[in-house]
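Keep the coordinates open as you read.

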2 protein chains.
Amino acid sequence: MSSENAPTRIRILKSTVALLESGEGSKVRMSDIAKAAKVSRQAVYLHFPNRAELLTAAARYLDEVNDIEAKLLASRNAATGLERLDAWVAAWGNYIPKIYGMGKALMAMMDTDEEARSAWEDRMAAVHHGCAAAVRDLSRDGDLTQSLSEDEATDLLFSLVSVRTWEQCCIEFGWPQARFIEVMQQSARKALT
Amino acid sequence: MSSENAPTRIRILKSTVALLESGEGSKVRMSDIAKAAKVSRQAVYLHFPNRAELLTAAARYLDEVNDIEAKLLASRNAATGLERLDAWVAAWGNYIPKIYGMGKALMAMMDTDEEARSAWEDRMAAVHHGCAAAVRDLSRDGDLTQSLSEDEATDLLFSLVSVRTWEQCCIEFGWPQARFIEVMQQSARKALT
DNA sequence: GCCATCACTTGACGCCATGTCAAGTTGACG
DNA sequence: CGTCAACTTGACATGGCGTCAAGTGATGGC
């Protein structure tokens, strides 16, 4: 595609992202990536020291290309806490499919690779932070349930819209993406208020 | 499950379960298991054709030993749908820690091993079935929310008390087990009614 | 016009875990 | 005593990742 004569490093990143997105996340091998980028397997190692760092670089690249920051920050503009909660669930929930392949590969490596673990946890910390912000506004408006601390509410919200929950509902159970958003907005409102 | 006079087979299963329970699920190697069972690595292969089948046999063994069926069926006796929901969440939720190591190893293999995948999915299908039963009783009592179909409610409940959600809350966020049960009972009631 | 350097290729290798194979050893039982 | 089953021993194939050394070829500085 457009990556024919892009610098090699970028071509490798694009190929990595493409392979991870189109299924079988954790099965992608270094040689597959090299082949897709039309370079030798060793060329990949000239740019990235190992598989874990390549994947985390690809994750960063993906975030950049999609401008995730901007999209997730959109929910900030909501007037009330409840609106912000909805906006947040929609913003993050609709971003999940884009990073799912990536996440799957990274999560599969978490048990054995410290680098992959911290890369993924960094990203998830940002999402957790977004959940905390939504919960804080809810609390500010006096709409947060008595039965949960702010921390617990944050964790619960995070779990409700985690990549794994999304995977469960949309991949395994076949929910349409839009329905996932609706149900989770509603469930979050009910569970947190 | 013959194995009356095959102590070796049982020893291997017990060692497998023990290793999986005590941390680092997916890192357990065949040689680790052999060493723990005090047999040669090859002896393991005389009883189980490969890692996946050993793990699924260990999962079955674990279920047997803990008598999971009986424990999960206990929620059947609840009078109302709401009580059944609570009982179900408590029964299954309290069983999760016992099978967590096992589950982690099996889930890690799901991407690459069809056998492991189907073994785990079989077990999860039983849990999903339990969720469906609770939702049905809720619906029978007229307590199920209008905004969810029975299928959706079942899937949502299943996601709420999935092994991954438990892992998220109790392992990563450090919730006490009892609190996890409370919060999930409450959240399930709110989200489903 | 030449040569040095950089980016990449080629092909071989070590490592490690799974799984296979063949040739023992050991002990119970006829 | 021989046989059979259960187990051991050690070697080997396979398939990833990651490393290494010796090329090749285009570019740019001089």
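Chain A reads α-α-α-α-α-α-α-α-α-α along its sequence. That is 10 helices and 0 strands. The model is predicted. Taken along the principal axes, the C-alpha atoms of chain A fill a box of roughly 60 × 30 × 30 Å. Chain A has 193 residues, and 41% of them count as buried. Consider the contacts in chain A with a separation of 6 or more. Residues 24 or more positions apart account for 62% of these.

Helix α1 of chain A covers residues 8–21, 14 residues in total. From first C-alpha to last, α1(A) reaches 20 Å. Several residues of α1(A) are buried, among them A:Ile12, A:Leu13, A:Val17, A:Leu19 and A:Leu20. The buried set of α1(A) also includes A:Lys14, A:Ser15 and A:Thr16. What covers them? The cover includes α2, α3, α4 (51–66) and α6 (81–109) of chain A.

B:Tyr61 sits in helix α4 of chain B, residues 51–66. Why does B:Tyr61 count as buried? It has 20 C-beta neighbours inside 10 Å, and 20 or more is the cut-off. Set aside neighbours within four places in sequence, and B:Tyr61 is in contact with B:Leu13 and B:Val17. B:Leu13 is 48 residues away from B:Tyr61 in sequence. In space, their C-alpha atoms are 7.3 Å apart.

Now move to the core. The largest nonpolar core has 107 residues. Which residues have the most contacts inside it? They are A:Leu106, A:Leu157, B:Leu106 and B:Leu157. Take A:Leu157 and again leave aside neighbours within four places in sequence. A:Leu157 is then in contact with A:Cys131, A:Ala134, A:Val135, A:Ala188 and A:Leu192.

In chain B, look at B:Leu192, found in helix α10. B:Leu192 counts as buried because it has 25 C-beta neighbours inside 10 Å. Beyond its neighbours within four places in sequence, B:Leu192 is in contact with B:Val135, B:Leu138, B:Leu144, B:Thr145, B:Leu148, B:Ala153 and B:Leu157. One of these, B:Leu157, is among the residues with the most contacts inside the largest nonpolar core.

Next comes the interface between the protein chains. Here 22 residues of chain B are in contact with 22 residues of chain A. On the chain B side, the elements that give two or more residues are α8 (150–160), α9 (163–172) and α10 (177–192). Of these, α10(B) gives the most, with 5 residues. By class, the chain B side divides into 7 nonpolar, 9 polar and 6 charged residues.

Turn to the DNA, beginning with the record. An unreviewed UniProt entry annotates residues 29–48 of chain A as "DNA-binding region". That span is 75% helix and 0% strand. Its end C-alpha atoms lie 14 Å apart.

DNA strand C has 14 residues around it, and A:Thr8, A:Ser40, A:Ala43, B:Asn50 and B:Arg51 come nearest. At least two residues each come from α3 of chain A and from α2 (30–37) and α3 of chain B. The most come from α3(A), with 3 residues. The surface near DNA strand C has 6 nonpolar, 6 polar and 2 charged residues.

Then strand D. DNA strand D is surrounded by 14 residues, the closest being A:Asn50, A:Arg51, B:Thr8, B:Ser40 and B:Ala43. Two or more residues each come from α2 (30–37) and α3 (41–47) of chain A and from α3 (41–47) of chain B. The largest share, 3 residues, belongs to α3(B). This surface near DNA strand D divides into 6 nonpolar, 6 polar and 2 charged residues.

How values were computed. Residues are numbered from 1 along each chain as its sequence is written. Chains are lettered from A and ligands numbered from 1 in the order in which they are written. This is a predicted model: local features need pLDDT of at least 70, side-chain atom pairs count only at pLDDT 80 or more; totals for chains, interfaces and linings use all residues. A residue is near a molecule or strand if its C-beta atom, placed from the backbone, lies within 6 Å of it. Helices (H or I, at least four residues) and strands (E, at least two) are DSSP runs, numbered from the N terminus. Ala, Val, Leu, Ile, Met, Phe, Trp, Tyr, Cys and Pro count as nonpolar, Asp, Glu, Lys and Arg as charged, and the others, Gly among them, as polar. Two residues are in contact if their C-beta atoms, placed from the backbone, lie within 7 Å. The expected span of a helix is 1.5 Å times one less than its number of residues. A residue is buried if 20 or more other C-beta atoms lie within 10 Å of its own, exposed if 12 or fewer, and partly exposed in between; C-beta atoms are placed from the backbone. A nonpolar core is a set of buried Ala, Val, Leu, Ile, Met, Phe, Trp, Tyr and Cys residues joined through C-beta atoms within 7 Å. UniProt positions are given in the numbering used here, feature names are shortened, and annotations may be inferred rather than shown by experiment.
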